[in-house]
Amino acid sequence: DLIWAYILNDLTKEAEELFSSLSKEEMPAFDYYNIASNLTYFNKKYVKGTDAVEKLIIAIDELPEDSEKNISRKKRKDEMYSRMAYFYQELGEQDKMAQAYEKALEFADDKGAVLTNMAQSAFRNENYEKALEYTQRLVKEKPDSAFGYDLIAWACFYLHRDQEAYDAVS
């Protein structure tokens, strides 16, 4: 709990020092790798982060469904794959990023949130064809998403498809 208090108060150096003094055997695998992946996120150690998230996903798979806490943790797989996608994006590994997001979609209750992240990542990488693909999937999933139609308009704008951009926001 002290490690999380440090993390939440932006004291990542202190959190990392305390965490490094612990061994994997001193806490459940889920907790250990969840903390490790969060620390790598805050410290921008994305290669270590992908490894921690992979191990966290394994830990999630191995959790027994014997408590509400574990059942809740098992439902977070989409979040973990999205975290991995973020790490891959920061590492410039676009194919692995897309694969991780597709895995996140498999487990997501709210596919719209994952598709929004996918679209925003594509925009960030100036891949407007992919951004358009993801936003079209988003509005198919959530037809009332004004933000989704706005993103379609932006993708079409960058692709010089002005009439489609206009139509998306009309």
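Good morning. The model is a predicted one, in which local features need pLDDT of at least 70 and side-chain atom pairs count only at pLDDT 80 or more, while totals for chains, interfaces and linings use all residues. Residues are numbered from 1 along each chain as its sequence is written, and side-chain values use heavy atoms, with hydrogens and water left out.

I begin with the whole chain. Its secondary structure consists of eleven helices and zero strands; these are DSSP runs numbered from the N terminus, where a helix is H or I with at least four residues and a strand is E with at least two. The C-alpha atoms fill a box of roughly 60 × 35 × 30 Å, taken along the principal axes. The accessible surface comes to about 9900 Å², and 49% of it belongs to carbon and sulfur atoms; such areas come from the Shrake-Rupley method with a 1.4 Å probe, and for residues only the protein chains shown count as cover. Of the 170 residues, 41% count as buried. Buried means under 20% relative accessible area, exposed means over 50%, and partly exposed lies in between, with a 1.4 Å probe and protein chains only.

The largest nonpolar core has 49 residues, of which Phe19, Val114 and Met118 touch the most other members. Such a core is a set of buried Ala, Val, Leu, Ile, Met, Phe, Trp, Tyr and Cys residues joined through side-chain atoms within 4.5 Å. Not counting residues up to four places away in sequence, Val114 touches Ser82, Tyr101, Ala104, Leu105 and Ala108; contact means heavy atoms within 4.5 Å.

I turn to the largest pocket, which holds about 280 Å³ of space. Among its 15 lining residues, Phe19, Tyr32, Ala36, Thr40 and Lys48 are the closest to its centre. A pocket is an open set of points on a 1 Å grid over the protein atoms alone, where a 1.4 Å probe fits, with protein on both sides within 12 Å along at least five of seven lines; lining residues have an atom within 4 Å of a point. Grid points are joined across faces, edges and corners, and the volume is the space filled by probe spheres set on the points. Helix α3 gives the most to this lining, with five residues.

Two loop residues deserve attention. Lys44, in the loop between α3 and α4, has a phi near 55°, a positive value in a residue other than glycine. Why does Lys44 count as exposed? Lys44 does so because its relative accessibility is 60%. Glu126, in the loop between α8 and α9, also has a positive phi, near 55°. Glu126 counts as exposed, at 59% relative accessibility.

Finally, I return to Ser145. This residue is buried, with a relative accessible area of 14%. Ser145 and Gly112 are 33 residues apart in sequence, and their C-alpha atoms are 8.8 Å apart in space. Leaving aside neighbours within four places in sequence, Ser145 is in contact with Leu138 and Val139. Leu138 is also among the residues touched by Leu151, which is found in helix α10, residues 146–158. Leu151 counts as buried, at 7% relative accessibility. The C-alpha atoms of Leu151 and Gln136 are separated by 9.0 Å, and these residues are 15 apart along the chain.
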